[in-house]
Amino acid sequence: MTPGIAKFVFVMMAVGWYLIRYEFARRARRERVLRSARGPRENTLLLISLTGLGILPLIYVVTALPHFASYAFRPAQAWLGVFLAVAALVMFRLTHRALGRNWSVSLDVRENHHLITDGIYRKIRHPMYSAFWLWAVAQALLLPNWVAGLSGLIGFGTLFFGRVAREERMMLDAFGDEYRDYMARTGRIIPRLF
């Protein structure tokens with residue numbers, strides 16, 4: 001494992017993310033949105049997450065900036081990052097496949113929306129967030145730079161903690177007791193733990 005290969009893996013993780021998401025985003029646009037939490041707050045959270053998971057690390061991959069924040073590359077650390085990157089993409093794909101047209105980048109309830117409780121959603125309420133946490137940790141392990149590596153944890157963490165409670169309230173409003181029962185038997189992002 002070399003620093004160049006680790007950077008390449010990070011870029012391929014981003015490409016994989018885009019390829020997985022593209023088809024589902026195209027299909028989801030066909031479904032009318034009935035309720036949405038889109039607005040300045042949601043857009044700001046998404047921009048912060050994109051900056052941490054995409055913009056800052058890609059600047060580092062291309063330019064090695066910021067130089068002052070770089071530290072010694074550790075191959076074993078990068079191999080763990082590769083494993084987590086693969087796990088993130090697998091989780092991401094399973095989540096999109098289970099959601100189908102119910103998927104959206106923002107907090108939306110669509111026409112004909114139904115509660116997904118099978119597949120990857122059987123044990124985890126928010127496996128998409130689990131996938132992004134795996135991405136953020138993989139990024140920290142693949143990119144030996146305190147700013148670029150950790151920006152994913154900070155950027156996505158801001159989105160997660162600023163959004164997940166609102167998302168669960170929205171789901172309770174849409175699905176009521178069905179969602180309450182689902183919450184009781186699943187973990188938020190880790191089965192049986194959190």
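Q: Leaving aside neighbours within four places in sequence, which residues is L143 in contact with?
A: In this predicted model, L143 touches K7, F10, P57, Y60, V61, Y71, A148 and G149, once its neighbours within four places in sequence are set aside. These count as contacts because heavy atoms lie within 4.5 Å.

Q: What makes L143 a residue to look at in the largest nonpolar core?
A: The core has 45 residues, and L143 belongs, with F10, W135, L142, F156 and F160, to those that touch the most other members. Helices α1 (3-28), α2, α3 (75-99), α4 (127-142), α5 (146-175) and α6 (177-185) each supply at least two residues of this core, and α4 gives the most, with ten residues.

Q: Why is I55 called partly exposed?
A: The relative accessible area of I55 is 37%; buried would require under 20% and exposed over 50%, so a value in between is called partly exposed. I55 is placed in helix α2.

Q: Which residues make the nonpolar surface patch?
A: The patch, of about 710 Å², is made by L47, L50, I55, L56, I59, L65, F68 and V147, and helix α2 (residues 40-63) gives the most to it, with five residues.

Q: How do you know what share of the contacts in the chain joins residues 24 or more positions apart?
A: Among contacts with a separation of 6 or more, residues 24 or more positions apart account for 84%. The chain itself has six helices and two strands, following the pattern α-β-α-α-β-α-α-α along the sequence, and buried residues make up 49% of its 194 residues.

Technical notes. Residues are numbered from 1 along each chain as its sequence is written. This is a predicted model: local features need pLDDT of at least 70, side-chain atom pairs count only at pLDDT 80 or more; totals for chains, interfaces and linings use all residues. Side-chain values use heavy atoms; hydrogens and water are left out. Helices (H or I, at least four residues) and strands (E, at least two) are DSSP runs, numbered from the N terminus. Buried means under 20% relative accessible area, exposed over 50%, partly exposed in between (1.4 Å probe, protein chains only). Patches are made of residues with over 30% relative accessible area and no salt bridge: like charges are joined within 9 Å, nonpolar side chains (Val, Leu, Ile, Met, Phe, Trp, Tyr) within 5 Å. Accessible areas come from the Shrake-Rupley method with a 1.4 Å probe; for residues, only the protein chains shown count as cover. A salt bridge is a side-chain nitrogen of Lys or Arg within 4 Å of a carboxyl oxygen of Asp or Glu. A nonpolar core is a set of buried Ala, Val, Leu, Ile, Met, Phe, Trp, Tyr and Cys residues joined through side-chain atoms within 4.5 Å.
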